[in-house]
Amino acid sequence: MREAVLTWCVPLELLCSHPLPLSAFLKTQVKLYTCRACAGKDEMGKMVSVINTVDTSHEDMIHDAQMDYYGTRLATCSSDRSVKIFDVRNGGQILIADLRGHEGPVWQVAWAHPMYGNILASCSYDRKVIIWREENGTWEKSHEHAGHDSSVNSVCWAPHDYGLILACGSSDGAISLLTYTGEGQWEVKKINNAHTIGCNAVSWAPAVVPGSLIDQPSGQKPNYIKRFASGGCDNLIKLWKEEEDGQWKEEQKLEAHSDWVRDVAWAPSIGLPTSTIASCSQDGRVFIWTCDDASSNTWSPKLLHKFNDVVWHVSWSITANILAVSGGDNKVTLWKESVDGQWVCISDVNKGQGSVSASVTEGQQNEQ
Amino acid sequence: GKELDGEPTVTVRAVNSRKNQMCFDWGPGRLLVSNEPPSNKKEMCSCPFIYIIRKDVDRIDERLTGKIQKSQLVRVSKNYRSVIRACMEECTSVFAAKDPANGRQFSSQVSILSAMELIWNLCEILFIEVAPAGPLLLHLLDWVRLHVCEVDSLSADVLGSENPSKHDSFWNLVTILVLQGRLDEARQMLSKEADASPASAGICRIMGDLMRTMPILSPGNTQTLTELELKWQHWHEECERYLQDSTFATSPHLESLLKIMLGDEAALLEQKELLSNWYHFLVTRLLYSNPTVKPIDLHYYAQSSLDLFLGGESSPEPLDNILLAAFEFDIHQVIKECSIALSNWWFVAHLTDLLDHCKLLQSHNLYFGSNMREFLLLEYASGLFAHPSLWQLGVDYFDYCPELGRVSLELHIERIPLNTEQKALKVLRVCEQRQMTEQVRSICKILAMKAVRNNRLGSALSWSIRAKDAAFATLVSDRFLRDYCERGCFSDLDLIDNLGPAMMLSDRLTFLGKYREFHRMYGEKRFADAASLLLSLMTSRIAPRSFWMTLLTDALPLLEQKQVIFSAEQTYELMRCLEDLTSRRPVHGESDTEQLQDDDIETTKVEMLRLSLARNLARAIIREGSLEGS
């Protein structure tokens, strides 16, 4: 069962002055960890993990916890069918909203970009996707999407440059794309049979404008090439691209896993011509896929690590320099790529105890 | 200097009263009030100073175009250290004074700062100063004296008493003075003992002479190292002779001092408590057994000193490992250990940056070499972004990271919560200064949207203009126009009246501006101008079709004036527009396909307009006809 899941947080004020706090949750609590370096050492050599625990009062297991864009709010969802939102500024935890509307365990939540207002999407075993919106200080259900025949496992908002678009992956094997067209209307596009048996994860590629970045004439939007990645029960990762006619086409199939792909995460762009995707699977493996050239379509996988148990989630930090991995063995590990291209584990956050297993440069030391 | 969200401007960098005020604002004021974890308190204490110091380094850079003098780097290093010390002083005095309970809490913080300064100082001696054999020992002695400072309080105790030489701690004091190589002071103590007990006066004098004659390198001394060694050897042999002759047998204290001065390890180890740590032991050992030690030989002595001092009873602590790595000149290891042991990135980021300026990282041929400095600075800067106002420092740090600084800044700056307009403006200024147009656009859009949701249309409009976002400007303009239709008046007239060239951003915005101009002209009774403008808004297709009815209705008062305002030609144009609107044919080129509804009100309006136009046409023709005639 999913015990430790994680998400990168924008740094919480006063919790950790370092952009590594991540949340992992066990049962009904969300634990916010700090990175190894800021684990609150009060004396040289003595390590005390500073952990902020948010007691969510969920009545059942928590499946996801996501911080909003600015790190001021935390949304959690649970098997108790509710979605809760907390104000977590200044180390506090004030319940802002308790959203009811799902009829089954809620698997994931996702915050939309603030320019669209305060919007949260949630997906559930009840086959529905609900979009919640804050209007005049109160949270309400804004839209409900019931276009799937089976549990919806994953939701992910597209880069804000594309507009307000939500991708949803479901156990019925389909991926649906909801686009907000204004006046409370949502347009739906569906990719049927994206993955046989089911789709477990969706993740958008960062927005990159092809060609020049000169301002377009007024009123016109730049021609973005929209892409996202999905992971499914067919052990595959698929890359999807929107064609000029608005239809979505399967662009690539990435094969390396030998069991269900549980999560995919497309790394934020740091201006280099490479694209990077992380994937993790029931087979215990985490792969880092890189594509060197935007036009060439060759993706090469590199094995980050083989864990002893299913790996549930992978998540990139804001500047994509660190990957957080959480596994069924209840451990959360942080990984960083060193100069020579090797991935090194830089921390081991085990059940709330921050401990250091190796520093980022140990990879080199061993090499030398 | 730099403003930090309302905090006083920092213009000084040395340790002085202004700094005190600064630290007080940041640290004590806030910390005493709320419950924050220790690590952050330290951060808050140190950060402001760090910023100032950094600017100094870069100024040096520019001036010397890359070739930085060692003396300048040493000075910078000393500045950093003085900053750390200032923090320590501030912490101890202020907190202890204000609240004894809190004072205890901060003593651990002080000890961390003290450790940081200890490490930094050693790095300065070994890596930046690069002291050669001879001066090396003197620097190390200073280093130890600075950090093992119980001597001063002990000295005060003893000297302050009535009979210093009878004080319980008298011999402890003398011993520790000897251990620290402060032989002049030790001699003075001995003379007091000589005065107090004449029986031992003789041996005290001999000991005093020995102390006085110990050869030591002093600044301005012209002797070479070899000469010094030779002299020292002679002196050492003299001490040896006194030991053999049991000259000091009657005074165990003095005998023990002699053994110390002979560098006898066992004797030194007996003074473990006074030495208090292995590096003190190391330096004393070197002073009295190998004062001309070469830097490359240090590590051997360091390791054995550590082993001997710990004596297998305890294992080295992280601080010990850091110092050991320094003695081994393994900069890489020092940085690595510090990264692990210290709880914030400030120390390693700045130390590494300074060492990088000393060109030390490259010379040590680190695999990470050129990237390590940037890596650490990036980590440190990222951390600053968590703080409500220190993010501004973070910006500066990112600026100094040539590889990934810009993109890191781009990613971080968008995530700063924009609680106040003031903050938003600051963030935007940072972005605009660096031509981060995407971020500017994104942030302005967020603010514009927020303004629209709160019905602050003027604010929304100015944000979308700043973002150069035509689409959004159109959206807001539409809202303005809709508002006008509903309420019959404009909000935010000032803004619309003063759009200037920004009006060109979007057609709708241009229309809004021009429409308002029409109203102004009408208000100023410039009817002919107003009429021309109104007509041109329709004929030039700037006005959306949905608005034409309103415009035509606006024309009514002009048509009903006593004097003829619209010419015949213009009237024909107006009629054409009305017919276009009422016929169900969409006009070619227009994207707006809103049709007129078969509404009673609409029909009445149209009829009224037709009548007015017809009447005006008649009057216009007559007037123009008669004018031509005459």
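A residue counts as exposed when its relative accessible area is over 50%, as buried when it is under 20%, and as partly exposed in between. Keep these cut-offs at hand for the stops below. The model is predicted.

**Stop 1: B:Lys525**

Select B:Lys525, in the loop between α28 (507–523) and α29 (527–539) of chain B. Its relative accessible area is 63%, so B:Lys525 is exposed. The phi angle of B:Lys525 is positive, about 65 degrees, although the residue is not a glycine. Most residues other than glycine have a negative phi. In the domain assignment of chain B, domain 3 covers 525–630.

**Stop 2: B:Ser276**

Move to B:Ser276, in the loop between α13 (272–275) and α14 (278–289) of chain B. Here too a residue other than glycine has a positive phi, near 65 degrees. Is B:Ser276 exposed, partly exposed or buried? With a relative accessible area of 40%, B:Ser276 is partly exposed, because that value falls between the 20% and 50% cut-offs. The domain assignment gives domain 1 of chain B as 146–276.

**Stop 3: helix α11 of chain B**

Select residues 252–261 of chain B, which form helix α11. Which residues of this helix are buried? They are B:Leu254, B:Ser256, B:Leu257, B:Leu258, B:Ile260 and B:Met261. Now show what surrounds them: the buried residues of α11(B) pack against α7 (170–179), α8 (183–196), α9 (201–213), α10 (225–244), α12 (265–270) and α14 of chain B. Just after α11(B), select B:Gly263, which takes a positive phi of about 75 degrees.

**Stop 4: chain B as a whole**

Zoom out and colour chain B by secondary structure: it has 32 helices and zero strands. Of the 630 residues in chain B, 54% are buried. The chain exposes about 28,300 Å², and carbon and sulfur atoms supply 51% of that area. Taking contacts in chain B between residues at least 6 apart in sequence, 65% join residues at least 24 apart.

Next, colour by domain. The domain assignment gives domain 1 (146–276), domain 2 (419–520) and domain 3 (525–630).

**Stop 5: B:Cys485**

Select B:Cys485 in helix α26 (residues 470–487) of chain B. B:Cys485 counts as partly exposed, because its relative accessibility is 44%. Leaving aside residues up to four places away in sequence, which residues does B:Cys485 touch? The answer is B:Phe547 and B:Thr550.

**Stop 6**

Finish at the second largest pocket, which holds about 670 Å³ of space. To find it, select A:Tyr70, A:Arg73, A:Asn118, A:Glu134 and B:Lys450, which lie nearest its centre among the 25 lining residues. Next show β11 (129–135) of chain A and α24 (437–453) of chain B, each of which supplies at least two residues of the lining. Which element gives the most to the lining? That is α24(B), with four residues. Colour the lining of the second largest pocket by class to see 10 nonpolar, seven polar and eight charged residues.

Technical notes:
Residues are numbered from 1 along each chain as its sequence is written. Chains are lettered from A and ligands numbered from 1 in the order in which they are written. This is a predicted model: local features need pLDDT of at least 70, side-chain atom pairs count only at pLDDT 80 or more; totals for chains, interfaces and linings use all residues. Side-chain values use heavy atoms; hydrogens and water are left out. Domain bounds come from an automatic or database domain assignment. On a 1 Å grid over the protein atoms alone, a cavity is a set of points where a 1.4 Å probe fits but cannot get out, and a pocket is an open set with protein on both sides within 12 Å along at least five of seven lines; lining residues have an atom within 4 Å of a point. Grid points are joined across faces, edges and corners, and a volume is the space filled by probe spheres set on the points. Ala, Val, Leu, Ile, Met, Phe, Trp, Tyr, Cys and Pro count as nonpolar, Asp, Glu, Lys and Arg as charged, and the others, Gly among them, as polar. Buried means under 20% relative accessible area, exposed over 50%, partly exposed in between (1.4 Å probe, protein chains only). Contact means heavy atoms within 4.5 Å. Accessible areas come from the Shrake-Rupley method with a 1.4 Å probe; for residues, only the protein chains shown count as cover.
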